[in-house]
Amino acid sequence: MIPNRRDFLKIAGASALTLITPSILNPLWAKETVRVPGQDFTPAKALTANRWAMMVEPAKCPEGCTVCTAACHAVHNVPNFGNSKDEVKWIWTEPFAAVFPGENHRYQWQALQKMRLPVLCNHCENPPCVRVCPTKATFRRPDGIVMMDYHRCIGCRLCMAGCPYGARSMNYRDPRPFIARSNPDFPTRTKGVVEKCNFCEERLAKGIMPACVLACKEKALTFGDAENSRSEVRLAIEKRFSLPRRAGLGTAPQVYYIL
Ligand code: SF4
Ligand code: SF4
């Protein structure tokens, strides 16, 4: 007997179900491994906060140390163009006078004058970069992380002009040939796109602390929920003298320096 159209559809549907079912039921299919260069992590419950913040203790940073930069740039596919003109950076160091202009004087403690401080996006509570972006490619999440949507960025650089901390970098060239070792778990960017520190939101979503924080064996960087009165970050910035950068601008940075 030649099957009619209805019989044919029934047979086709049953065959498709047979093919799909094992992959849905097989728990191995759903298992996922988070791969970060040099480290393997088992996915865990996402880390959440009311307001993520970072505390930096530059006095703990050994002279010339670049461990946090290396870790961050490796996991986020940050290119190395080999020249300062095209440089793309998420976390780097600057001299004290450049980080805190107006807080220095010529008789200041010599060690402070010589110190280089880690700097990154401050994930401002009132971010001017977000206000000026015409495409909403940059936006602030309820937990305080200032995000970049690379697909919406049109490369106008208004956010770079708006940021008073120089925390954003533009890809003036295709960055992909300049990535030493690509991390498949994080997207690469293209020419004409702006980028910056994302407080490792992709790692927090997998229950992993920021790369720079984990890489720093001196514990110069502490990360946590500033709204949680028992968190390490909150206790430290509450009990010790801490300075956010250029507080007078009203941007309310969420990176606090303990000097
Ligand atoms: S530091 Fe700059 S880029 Fe980061 S949130 Fe503040 S204004 Fe925006
Ligand atoms: S929090 Fe993450 S993205 Fe930001 S500087 Fe540290 S490692 Fe880089």
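Visitor: Why does Cys197 count as buried?

Guide: This is a predicted model. In it, Cys197 has 8% relative accessibility. Buried means under 20%. The value falls under that cut-off, so Cys197 is buried.

Visitor: What makes Cys61 partly exposed?

Guide: Its relative accessible area is 25%. Buried needs under 20%, and exposed needs over 50%. The value for Cys61 lies in between, so Cys61 is called partly exposed.

Visitor: Which residues come nearest to ligand 2?

Guide: Cys72, Cys197, Asn198, Cys200 and Cys212, out of 13 residues around ligand 2. The shell has eleven nonpolar, two polar and no charged residues.

Visitor: What about ligand 1: which residues come nearest, and where does ligand 1 sit?

Guide: Cys121, Cys124, Cys129, Cys163 and Arg168 come nearest, among 13 residues around ligand 1. Ligand 1 sits in the largest cavity. Its shell has nine nonpolar, two polar and two charged residues.

Visitor: Where does pLDDT stay under 50?

Guide: Over residues 11-35, for which the model has 14 contacts beyond four places in sequence. The protein chain averages a pLDDT of 87. Of the residues, 83% score at least 70.

Note on methods
Residues numbered from 1 in each chain as written. Chains lettered and ligands numbered in written order. Predicted model: local features only at pLDDT ≥ 70, side-chain atom pairs only at ≥ 80, totals over all residues. Heavy atoms only, no water. Buried < 20%, exposed > 50% of the residue type's maximum accessible area, 1.4 Å probe, protein only. Near = heavy atom within 4 Å. 1 Å grid on protein atoms, 1.4 Å probe; cavity = no way out; pocket = protein on both sides within 12 Å on 5 of 7 lines; lining within 4 Å. Sits in = over half its atoms within 2 Å of the grid points. Nonpolar A, V, L, I, M, F, W, Y, C, P; charged D, E, K, R; others polar. pLDDT = per-residue confidence, 0-100. Contact = heavy atoms within 4.5 Å.
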